[in-house]
Amino acid sequence: MANKIAKVSASTDLVKYFLNIESPRFEDWCYDYSNSYPLTKSLQEKAQAAWSEANNILELQRQERANRRKAASVERAKAELEAALEEVQKTLPEMLEQIRERIEHELELATKPFQWSEIDHPLVNGEWSLHYNNYECWKELSTEVHNESPDGMRSGGLYTVWRTRERGAGSYWTNSISGSKEFFVSRAKSQDEPVPAVIYPHCTIQADEYKTSDLKDIMWHKEQALQKRQRAQEWVEEASSALADINLKWIVYNSNYPLYNRICRAIRAAYQLKTQNEINSAVKRVLASIV
């Protein structure tokens, strides 16, 4: 049932009338009104014009509210930006000292000769321990997927069953940097087979061979260590250039990222920027202005 609406008279200000009612469409108002009162063609034409004018007024009011909220947001962002820039000026000596200290650290890393002890790989570092074990047999619970239950009485799914496990007599190695992980395992396949000879680690003089896969793995670790030195050298050069040019954008970013992020957010809101390139350019320009 339509809501009861007020009747329009000759003295009714139609614009104010429509400002005070809620109806999503003019056609809906016409339908509701015609169910309660006569709706002449002349009244409908006047109501249509008043409806349009009332909507224009409401849109202007909405736009004014949006502009006030936007202006308030911009003012808050400008205040936040001002506070952040004051913090930059206050903490700049501390940030410069932090960059200088890191330059020393990175330079030490970049110029340090490569040592095999840097590679965290059992074939290069750590102490090897040889262990022997006798034949063992035990049962353990195992969770497995079956098309039907092991007893054939139920449908398929996950089932826990007892399985017999065997470990032949033989030997294995552990490394101090790899915990209890077993390397170079040499065990008999069954209880009746003789114990096989010990397999020595590939990195020892007793080893019969040095596997290509092991060598590739070790060389990959070495390459990572060398690349780390190269990145350290590049950072030192970049930092030295930033200090020489007093590049505050780079200095703040690398020494106090939370503060840098505050500045970015404040500039984005204060200047109503959209793209990251615009924000980066504005940050660089603003920070350069306080040097």
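Predicted model: local features only at pLDDT ≥ 70, side-chain atom pairs only at ≥ 80, totals over all residues.
**Entry 1: α3 against α6**

I started with helix α3, residues 41–111, and helix α6, residues 257–270. Their axes come within 8 Å and cross at roughly 150°. Anything over 145 degrees counts as roughly antiparallel, so that is how I logged α3 and α6 relative to each other. I also looked up the hand of the crossing: α3 passes α6 in a left-handed one.

Next I wanted the residues that touch. On the α3 side I wrote down Val-74, Ala-77, Lys-78, Glu-80, Leu-81, Ala-83, Ala-84, Glu-87, Val-88 and Thr-91. On the α6 side they meet Leu-259, Arg-262, Ile-263, Ala-266, Ile-267, Ala-269 and Ala-270. Sorted by type, the residues of this α3 and α6 contact come out as twelve nonpolar, one polar and four charged.

**Entry 2: α6 against α7**

How are α6 and α7 set against each other? I found an angle of about 110° between them, with the axes 10 Å apart. The band for roughly perpendicular runs from 65 to 115 degrees, so α6 goes down as roughly perpendicular to α7.

From α6, the contact uses Tyr-260, Ile-263, Cys-264, Ile-267 and Arg-268. From α7, I listed Ile-279, Asn-280, Ala-282, Val-283, Val-286 and Leu-287. My tally for the contact of α6 with α7 is nine nonpolar residues, one polar and one charged. Ile-263 and Ile-267 are in this list, and I had both down for the α3 contact as well.

**Entry 3: the nonpolar cores**

Then I checked the largest nonpolar core, which has 28 residues. Which of them touch the most other members? They are Val-88, Ile-263, Ile-267 and Val-283.

The biggest share is from α3, which gives eight.

I took a closer look at Ile-267.

**Entry 4: positive phi**

I picked out two residues other than glycine with a positive phi. Ile-246 has phi near 50° and is placed in the loop between α4 and α5. Its relative accessibility is 42%, so Ile-246 counts as partly exposed.

Gln-272 also has phi near 50°; I found it in the loop between α6 and α7. With 34% relative accessibility, Gln-272 is partly exposed too.

Is Thr-143 buried or exposed? At 54% relative accessibility I put it down as exposed, since the cut-off for that is over 50%. Thr-143 sits in strand β2, residues 136–148. Leaving out neighbours within four places in sequence, I see Thr-143 in contact with Leu-158, Tyr-159 and Thr-160. I also took a distance to Trp-162: 19 residues from Thr-143 in sequence, and 8.9 Å from C-alpha to C-alpha.

Thr-275 is in the loop between α6 and α7. Its relative accessible area is 39%, which means partly exposed. I checked Thr-275 against Glu-108 as well: they are 167 residues apart in sequence and 39 Å apart in space, C-alpha to C-alpha.

How values were computed. Residues numbered from 1 in each chain as written. Heavy atoms only, no water. Axes fitted to C-alpha atoms, helices over the stretch in contact; angles between N-to-C directions. Helix = DSSP H or I, 4+ residues; strand = E, 2+ residues; numbered from the N terminus. Parallel < 35°, antiparallel > 145°, perpendicular 65-115°, else oblique. Left-handed = near helix turned anticlockwise from the far one by under 90°. Contact = heavy atoms within 4.5 Å. Nonpolar A, V, L, I, M, F, W, Y, C, P; charged D, E, K, R; others polar. Core = buried A, V, L, I, M, F, W, Y, C linked by side-chain atoms within 4.5 Å. Buried < 20%, exposed > 50% of the residue type's maximum accessible area, 1.4 Å probe, protein only.
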